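Here are my notes on the ligand site. Please read them with the structure open.

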Amino acid sequence: MPALTDAPFLRAARGEEVPHTPVWFMRQAGRSLPEYLKVREGVSMLDSCMRPDLVTEITLQPVRRYGVDAAIFFSDIVLPLKAIGVDLDIVAGIGPVVDKPVRTLADVAAIPDLTPEHVPFITEAVRSLVGELGATPLIGFAGAPFTVASYLVEGGPSKEHARTKALMFGAPDVWDALMRKIAGISAAYLQVQVAAGASAVQLFDSWAGAVTRADYERSVLPYSASVLSAITSVPRIHFGVGTGEILDLMGQAGAEVVGVDWRVPLAEGVRRVQGRVVQGNLDPTLVFAPTEVMLARADEVLAAGRAAPGHIFNLGHGVIPSTDPDQLKRLTDHVHEASAR
Ligand code: 1CP
């Protein structure tokens with residue numbers, strides 16, 4: 001039986017030699033899989049995240065189907081907020097919706113800190129998964145302060161993040177209090193997952209690309225760095241979308257691995273994060289192209305990844321729900337075969 005600590009995903013994250021380039025996909029579980037749609041029938045998204053039996057099954061589904069090198073814990077970035085009592089729901093076809101948006105110091109003060117007692121079902125689900133996964137690593141995750149703040153301040157998904165950025169520009173005291181509060185919640189939530197056996201963590205700052213370099217450095221980075229610094233025993237991955245202009249700064253936030261979205265050529269991403277391991281970055285729409293086109297582009301990503309101290313193959317953002325799972329299976333097999341040392 002191979003040892004978990006020698007799993008290719010963890011070796012790559014530590015910058016060690018690997019038998020093949022490890023591969024997993026952001027949002028590999030979920031709506032692209034018929035077996036997911038089946039077990040979710042009649043169960044709301046948030047309810048499914050609080051049921052360890054369902055979380056275990058849904059997390060394992062893509063591992064069984066694709067043979068990917070890591071599992072990602074099935075949950076959502078707003079789940080810890082729900083667990084501490086923030087009135088929110090995940091609405092099908094929309095995403096997270098917050099009943100009473102957070103805009104003032106009093107609103108922030110009303111949000112409790114997260115303790116392990118708030119999320120016993122997470123501990124139970126992670127333990128169950130780690131037992132089932134054996135030598136396949138489980139990635140825990142949390143939302144980074146900026147991205148979670150956007151849902152809290154806007155009250156739901158947003159393209160412009162206008163109210164969020166207005167708060168950042170115009171009310172620095174409220175912004176600091178809110179970002180500290182979320183940083184504490186995300187750090188505690190990751191610590192629960194690591195304590196229960198997660199082998200790595202990913203901090204999702206999906207919407208960080210919405211801010212300028214200067215604003216990122218001053219008003220976002222310190223809080224993400226604080227979350228990352230709370231995790232010292234397992235490799236950390238730091239990811240956002242549209243982050244080309246801030247990729248070097250993201251690399252300075254403390255994670256061993258930096259996720260690169262598909263807009264930045266991976267060779268350039270490797271240069272920008274200077275000495276860090278990279279994760280990414282095939283355009284998620286390439287699965288809709290003919291297989292040979294998708295695989296040729298995957299070869300380019302693999303070639304560029306060789307310049308980094310380590311490379312974890314992934315898409316440049318999450319799996320699109322209408323993706324054909326057979327394409328992801330072909331992609332996984334191809335990455336393994338084409339990168340075999
Ligand atoms: O009913 C449903 O099935 C809802 C769809 C869904 C799913 C399957 C949502 C609502 N969240 C999830 C699961 C999820 N969310 C996972 C686990 C799946 C996996 O990776 O295998 C993860 C890692 C997330 C994290 C997440 N949620 C992020 C960061 C990752 C990213 O994609 O950038 C973000 C931004 C969210 C918010 C969210 N939750 C759900 C939706 C539709 C959204 C995005 C809404 C928006 O556009 O703002």
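1. The ligand takes up the space of the largest pocket. A pocket is an open set of points on a 1 Å grid over the protein atoms alone, where a 1.4 Å probe fits, with protein on both sides within 12 Å along at least five of seven lines. A molecule sits in one if more than half of its atoms lie within 2 Å of its grid points.

2. This is a predicted model: local features need pLDDT of at least 70, side-chain atom pairs count only at pLDDT 80 or more, and totals for chains, interfaces and linings use all residues. Residues are numbered from 1 along each chain as its sequence is written, and side-chain values use heavy atoms, with hydrogens and water left out.

3. Around the ligand are 24 residues (a heavy atom within 4 Å). Arg 27, Asp 76, Tyr 151, Ser 206 and His 317 come nearest.

4. Now the polar contacts (pairs of N or O atoms within 3.5 Å). A polar side-chain atom of Ser 206 is 2.4 Å from a ligand oxygen. For Asp 76, a polar side-chain atom is 2.7 Å from a ligand nitrogen. Ala 29 uses a polar backbone atom, 2.9 Å from an oxygen of the ligand.

5. The largest pocket has a volume of about 1200 Å³, the space filled by probe spheres set on grid points joined across faces, edges and corners. Its lining has 36 residues (an atom within 4 Å of a point). Arg 27, Arg 31, Met 45, Asp 76 and Gly 95 lie nearest its centre.

How values were computed
A polar contact is a pair of N or O atoms within 3.5 Å; within protein, one must be able to donate a hydrogen and the other to accept it, and residues adjacent in sequence count only if both atoms are side-chain atoms.
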